[in-house]
Amino acid sequence: MGRLEPRRGARRLRCGGRWAIQGRQPGPGPRGADPRAESVTCRRRADSDPRGRPHPSMTGRPPCMRGGCRGRPRPRPLVVRLRPRAARRVPARTTRNIPAGSGLSPVPGRRGAMARTAGRDGRTRIMANPLYDMLLARGEGSDAPFLIQSGPQPGGDPISHGAFHDLTGAMANALTELGLVPGDRMVTALPTSALYLGLVYGAVRAGVVVVPLDPAGDAAMAARVIADCTPALVVTEAGGGDDDSAPEAGAGAREAAAAAGVRCERLGPGGRLGAAATATGAAAAQEPMDREPDDPVALFYAPDGPLRGVIATQMNLLSTALTLSDLWRLWDSDVVLHALPGWARDGAFAAPGTMLEVGGAMILVPADDPEATMQALPQATVMMGRADPYARLIGTPGFAVQEGDGPRVFIACWDRVAEPDLAAFHDRTGQRILQAYGIAEAGIVASPPGEGERRAGSVGFPLPDVELRITDPADGKPLPDGETGVVELRGPNVFPGYWAQPEATAEVLRADGFLVTGDLGRIDEDGYVQIVGRV
């Protein structure tokens, strides 16, 4: 049995309508073509060259969103090498929600396992931990930069993809040594940092379910979450030891953990978890735990409204990373300015997942620090944030981006930017923000393409693997295009349910698999989705 793993040093190129894997040539020279690389020709003509520049004939035009290829290859080629691996017992569950066009399929006779066809021989490679095999393992041994810490506490030299892979292995070992087993929950209340992301993806390797909370949240909210998900561990920046002079980030979660009698550890220097991760070392990193596509990876709790833990599975998060990296035309040469909350789904998994998938880099800045964001803009080729960071930028004196300087695309990953802010941003930068539509139960589900028209008041098209329909609020029957109704979704990124709340799950998931979002919207004659309010 083997585990799917990209060939070390591999990267993906898109040119001339073909996708390929190229390998690094010996020596310090540039990467050259690997004659063993597989490639597939897309049914649409090429719309960009390897550097991401649009083809002159496609300038201003969106890629195919309705055709069979949707502007993407089928199947996705991958050059892999096999490494022996000891068999592990996998619980018997049903594999479902595999994204169309991904080349993934369930393995007959082995429930929960996934396979992917790759190479000229058409052999099937077994995937034991989809998120690890498809995202993290790509960076093993790579010296390409991945994380750059910015803001008031910069993290020094960039962390490479290879170093991040080793960090996640060390974190997985540390969690195992602390007694956590696959399926255990771990609450985190931490600011966004390389160490925090290393802990999150270390939990992916160890099979531990991450429950991220806002580090500035109060003890009452943390207590409700702890009572609901019954974690085995709570991790804060300032907890788990006897040092009461530590920073206050995560103080509410630390207080709630103490009241509930849950073990609390500290991440970073001086904490037991940070010390264990450092002492463990990457060389002794254990093999990633076998996980099924529908096994939980994270639970997300909204800071307001009813207490409901949204389950995000392996396939939910993997399908989002694969789809967005294609749709937004992200490359290994891209540097993403990450101005997202690290405790949210888009900040912890969507943005990092796309860069792990393509081999690009991220600059981590606090979402509420416009000065740090402005300082990092010249180094970035893409910015990802929610509505607030863009509003803060517009309100900062001196904010402007000259043509050809700074990011080529600004993405609002979740909530919509106000119309006045959109107009002001366009006046300052000459660019229109790419507004995506996301919900807690499915992540990002609609977005304009990375290149093409961005219509005012629209969130673009449903993602290629997502079915979106508008239904009558009274009887739930589908409505024709142009009419306003309830937005319903179905696809591989739609959650399987709320944590331990089957009644609440039944209220929003229909028998045919469609999720009732509660948002009001309509689809115009060209297929653009508009969100107009709540039911």
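Modeller: Happy to! Buried means under 20% relative accessible area. This is a predicted model, by the way. Cys 229 has a relative accessible area of 0%, so Cys 229 counts as buried, under the 20% cut-off.

Biologist: And Cys 264, buried or exposed?

Modeller: Buried: the relative accessible area of Cys 264 is 13%.

Biologist: How many disulfides do you count?

Modeller: The count is zero, taking a disulfide as a pair of cysteine sulfur atoms within 2.5 Å.

Biologist: Which strands does β21 pair with?

Modeller: Strand β20 (residues 437-439) pairs with β21 in the antiparallel sense, over three bridges. Strand β22 (residues 461-462) also pairs with β21 in the antiparallel sense, over two bridges.

Biologist: What sits between β20 and β21?

Modeller: Three residues, and the two strands form a hairpin. Within that pairing, Tyr 437 has Ala 446 of β21 as its bridge partner. On the β22 side, Ser 447 stands opposite Phe 461.

Biologist: Nice. New topic: where is Arg 138?

Modeller: Arg 138 lies in the loop between α1 (130-134) and β7 (145-149). Arg 138 is buried, with a relative accessible area of 17%.

Biologist: Which backbone oxygen lies 2.6 Å from a polar atom of the Arg 138 side chain?

Modeller: That is the backbone oxygen of Met 134.

Terms used: Residues are numbered from 1 along each chain as its sequence is written. This is a predicted model: local features need pLDDT of at least 70, side-chain atom pairs count only at pLDDT 80 or more; totals for chains, interfaces and linings use all residues. Side-chain values use heavy atoms; hydrogens and water are left out. Two strands pair if DSSP finds at least two bridges between them. Helices (H or I, at least four residues) and strands (E, at least two) are DSSP runs, numbered from the N terminus. Buried means under 20% relative accessible area, exposed over 50%, partly exposed in between (1.4 Å probe, protein chains only). A polar contact is a pair of N or O atoms within 3.5 Å; within protein, one must be able to donate a hydrogen and the other to accept it, and residues adjacent in sequence count only if both atoms are side-chain atoms.
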